[in-house]
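Please look over the sequence and the fold below before reading the notes.

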Amino acid sequence: MPGLFYEEFEVGSVFDHATRRTITEADNVLFSSLTMNSAPLHVDAEYSKQTIYGQRLVNSLLTLSLVTAISVQDTTQGTTLGNLGFEEVRFPKPVFHGDTIRVRTEIIGKRESKTRNDSGIVFFRHHGINQRDETVCECKRAGLMLKREESVAQR
């Protein structure tokens, strides 16, 4: 499993994830359609020409999903019991078709679970950054992370 166990996360650690992703028009239209978001700002090129950006914007929930997903392989794949929630989600700059997103993740906190002895809660701050080095998405996320079996057995 490439993911880290609860004990392996250190507050202050930073991950610059190697995976990057260019968001295409097809990605945006499909995601918007699948999630039933018919806002013309995402799916109507003619309408979007009249907006302040002059073009369609990538659906912000696609951006948030991508930023979170890119972090999974290095941090939580196979070692998470669940995503507990998002806080402080911000989109300081818009994302357009053709933008390439990279992700940096900081470990900003962790604590033992109050109800489970096999896991703990890790707090992540994800930064989505485009090819112009502009932050396009920031969020704080909490994940319920497995502990190593030997740690659980010692309790």
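The model is a predicted one. A search of the whole structure finds 13 salt bridges, while the count of disulfides comes to 0. Helices α1 and α4 pack with their axes 9 Å apart.

**Salt bridges**

- D99 and R132 meet through their side chains in a salt bridge, with 3.4 Å from N to O. D99 belongs to the loop between β3 and β4 (100-112), and R132 to the loop between β5 (119-129) and β6 (135-146), so this pair ties together parts that are 33 residues apart in sequence.
- R132 has a relative accessible area of 42%, so R132 is partly exposed.
- D99 and R132 also belong to a network of salt bridges, in which they are linked with E134.
- E112 and K147 form another salt bridge, and their closest N and O atoms are 2.2 Å apart. E112 is in strand β4 and K147 is in the loop between β6 and α5 (149-153), so the pair ties together parts that are 35 residues apart in sequence.
- E112 is partly exposed, with a relative accessible area of 36%. K147 counts as buried, because its relative accessibility is 6%.
- R21 and D27 form a salt bridge as well, and here the closest N and O atoms lie 2.6 Å apart. R21 counts as partly exposed, at 34% relative accessibility.

**Cysteines**

**Helices α1 and α4**

- Helix α1 spans residues 25-34, and it packs against α4 at an angle of about 105°. That angle makes α1 roughly perpendicular to α4, because angles of 65 to 115 degrees are classed that way.
- Which residues meet where these helices pack? D27, N28 and F31 come from α1, and L61, L62 and S65 come from α4.
- L62 is placed in helix α4. L62 counts as buried because its relative accessibility is 13%, under the 20% cut-off.
- Leaving aside neighbours within four places in sequence, L62 is in contact with I23, D27, N28 and F31. I23 is 39 residues from L62 along the chain, and the C-alpha atoms of the two are separated by 9.2 Å.

**A buried threonine**

- T79 is found in the loop between α4 (60-75) and β3 (80-90).
- Is T79 buried or exposed? T79 counts as buried, because its relative accessibility is 0%.
- The side chain of T79 reaches the backbone oxygen of L4 at a distance of 2.7 Å.

**Positive phi angles**

- E88 has a phi near 50°, which is a positive value in a residue other than glycine. E88 is placed in strand β3, and its relative accessible area of 46% makes E88 partly exposed.
- D133 has a phi near 60°, again a positive value in a residue other than glycine. D133 lies in the loop between β5 and β6.
- D133 counts as exposed because its relative accessibility is 57%, over the 50% cut-off.
- The loop that holds D133 is also the one where R132, the partner of D99, lies.

Technical notes:
Residues are numbered from 1 along each chain as its sequence is written. This is a predicted model: local features need pLDDT of at least 70, side-chain atom pairs count only at pLDDT 80 or more; totals for chains, interfaces and linings use all residues. Side-chain values use heavy atoms; hydrogens and water are left out. Helices (H or I, at least four residues) and strands (E, at least two) are DSSP runs, numbered from the N terminus. Buried means under 20% relative accessible area, exposed over 50%, partly exposed in between (1.4 Å probe, protein chains only). A polar contact is a pair of N or O atoms within 3.5 Å; within protein, one must be able to donate a hydrogen and the other to accept it, and residues adjacent in sequence count only if both atoms are side-chain atoms. A salt bridge is a side-chain nitrogen of Lys or Arg within 4 Å of a carboxyl oxygen of Asp or Glu. A disulfide is a pair of cysteine sulfur atoms within 2.5 Å. Contact means heavy atoms within 4.5 Å. Axes are lines fitted to C-alpha atoms, for helices over the stretch in contact, and angles run from 0 to 180 degrees between N-to-C directions. Angles under 35 degrees count as roughly parallel, over 145 as roughly antiparallel, 65 to 115 as roughly perpendicular and the rest as oblique.
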